[in-house]
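Here's a quick walk through a protein model, written for someone who likes to check the geometry. Have the structure open as you read.

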Amino acid sequence: MKFDVKHIAKLANLTISSDEEKKFETQLEGILTYVEKLNEIDTENGQAINQITGLENVTRDDTTAPSLTQEAALSGTKNTHNGFFKVKGILDNE
Amino acid sequence: MSDLNKLTIKQALDGLKKGDFTSIDLTTACLAQIERLNPEINAFITVRHEAIEDAKKADESRKNGVEKPLLGIPIALKDIFMTEGIKTTATSNILKDYIPQYDASVVKNLKTAGAIIVGKTNMDAWAHGSSGENSDFGPTRNPWNTKYVPGGSSSGSAVSVASNMAFAATGTDTGGSIRLPASFNNVVGLKPTYGLVSRYGVIAMASSLDSIGHFTKTVEDSAIILNITAGRDEFDATTKNSPEDYTKDLGKDIKGLKIGSLKKYLNGADENIKKLTLDVEEKLQKLGAEIIDIDLPHSEYAIAAYYIIQPAEVSSNLARYDGIRFGEERSHFGEEAKRRIMLGTFTLSSGYYDAYYKKAMKIKTLIKQDFDKAFEKVDAIISPVSPTPPWKLGEKVNDPLKMYLSDIFTVTANLAGIPGLSIPAGFIKDNLPIGIQLLGAHFSESLLFQIGYALEKTQERRNFNI
């Protein structure tokens, strides 16, 4: 299995150096080869399990309760503007 | 009074009640031990000297007749548990200056119970690792022999309890991250049933596998802590009510219990570990339990399924770190996090989901069914924790697959969602501890404590005397 480090890094929004690229390629291809082991088992008619202890429809009352203040919510960021998070533009100025 | 930090929680609580010593005495002893050993062992990322002030308040409360189950007991928290106003890093440079605005539910429960927080412990960054070496702030060392790894990912928490820096410490176990370091440090480590303890406010690794547990010196202490952490939390929909008193079956004999042995898998383990595991089986027999050979036919596929499911969920959970609302930009991720994010991004990417993630989730079902069948025949299962004794620092860092295979005996419990209790089994050459684990059906923690407690009584606990 070929692992295209550059393409996947782009999808995952990671920056990878060229040294890392080579190293990751070898390591990740090794891991993918190992997990091919699973193909020994026919799971065609098997069921995937999602909630392991079998809980269903767990809900809570939809009531308001104290939550973070605006100040607290912004306390972890370096970039704010008028009490909001400041982010880079996502659309081109066309 | 000296050596107060060597007491168990039970002994410390008894002493506090009788007035033999105060919480200030206990907390001072723990902080002194941290100051003495931490420069070499690197178990703590943050040490809270303010803990003394908290201890003072706890002593005043006790004087005023306040009763709380952990009033004045110093504990440590893995640095992946959010703590209001106390830096929480997951030992990643991404969160090196992050100060949470609220406490994890478990932290809140422990504080409400009166526990004193002495600090936040080192770990593999984001809980990715089996050795403790993946921390962006330097590896933790095994206190029993500092040339060796302490096991991970909850390395600092296991070490803090083993070396008497805290009476208990929290951990997380997604593929063995509590049981492995517990076994490498001669302490008791509990990975509860999935959903027994709330994950709210614990930085997420792989959400369908993450289990929130703890380290203690004894089985009884482990039950005392679980009484506080277990139960329904409205902020985690996978949690369930747990009205049990987990200390209720301690001291009951284990005569007639059926315990499953994985004899044929033992050949995959180191000779010393095989021998110690068989020794423990013999002890269980002497206590009146019946040892029955069992088979878990799909367990040989567990690591492969785990290393698909877990990185897939890791890549999704770590997608939130964008450096906008808190934390640093994504360029600060360390090597192991990048490896797992890429692996997960690949297996979840268009065209590969069915072949990898969905396939692995179907294998997960088969592994759970193996355990369901086994628990029709036996009450619990005994198994090694790690296939090898602790290894030397640096030994496996360049071979991720080799490192991943250290989890071979532990990941099955995470995939099946069942509880596992790692308890000390003895020491081998170079003064290295080894543990074994007891596995049980969903929500069978009381039974595991009962068996663990009976086993513990057959051997004298070896205390750390430095």
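## Helix H3 of chain B

In this predicted model, the buried residues of H3(B) are B:Ala51, B:Asp54, B:Ala55, B:Ala58 and B:Asp59. They sit on the same side of H3(B), because the arc they cover around the axis is only 145°.

What do the buried residues of H3(B) pack against? Their partners are helix H2 (23-41), strand S2 (74-78) and strand S3 (116-121), again of chain B.

After H3(B) comes B:Gly65, with a positive phi near 85°.

## Where the chains meet

Now for the contact between chains: 43 residues of chain B touch 36 residues of chain A. On the chain B side, the elements giving two or more residues are helix H10 (302-317), helix H11 (335-348), helix H12 (354-377) and helix H13 (400-404). Which of these gives the most? That's H12(B), with 10 residues. Sorted by class, this side of chain B has 21 nonpolar, 11 polar and 11 charged residues.

## The nonpolar core

The largest nonpolar core has 165 residues. Those touching the most other members are B:Ile75, B:Val118, B:Ala166, B:Ala305, B:Ile308, B:Ile309 and B:Met342.

Take B:Ile308: leaving out residues up to four places away in sequence, B:Ile308 touches A:Val35 as well as B:Thr347, B:Tyr356, B:Tyr357 and B:Ala360.

Definitions and conventions
Residues are numbered from 1 along each chain as its sequence is written. Chains are lettered from A and ligands numbered from 1 in the order in which they are written. This is a predicted model: local features need pLDDT of at least 70, side-chain atom pairs count only at pLDDT 80 or more; totals for chains, interfaces and linings use all residues. Two residues are in contact if their C-beta atoms, placed from the backbone, lie within 7 Å. Helices (H or I, at least four residues) and strands (E, at least two) are DSSP runs, numbered from the N terminus. Ala, Val, Leu, Ile, Met, Phe, Trp, Tyr, Cys and Pro count as nonpolar, Asp, Glu, Lys and Arg as charged, and the others, Gly among them, as polar. A nonpolar core is a set of buried Ala, Val, Leu, Ile, Met, Phe, Trp, Tyr and Cys residues joined through C-beta atoms within 7 Å. A residue is buried if 20 or more other C-beta atoms lie within 10 Å of its own, exposed if 12 or fewer, and partly exposed in between; C-beta atoms are placed from the backbone. The arc is that of the directions from the helix axis to the C-beta atoms.
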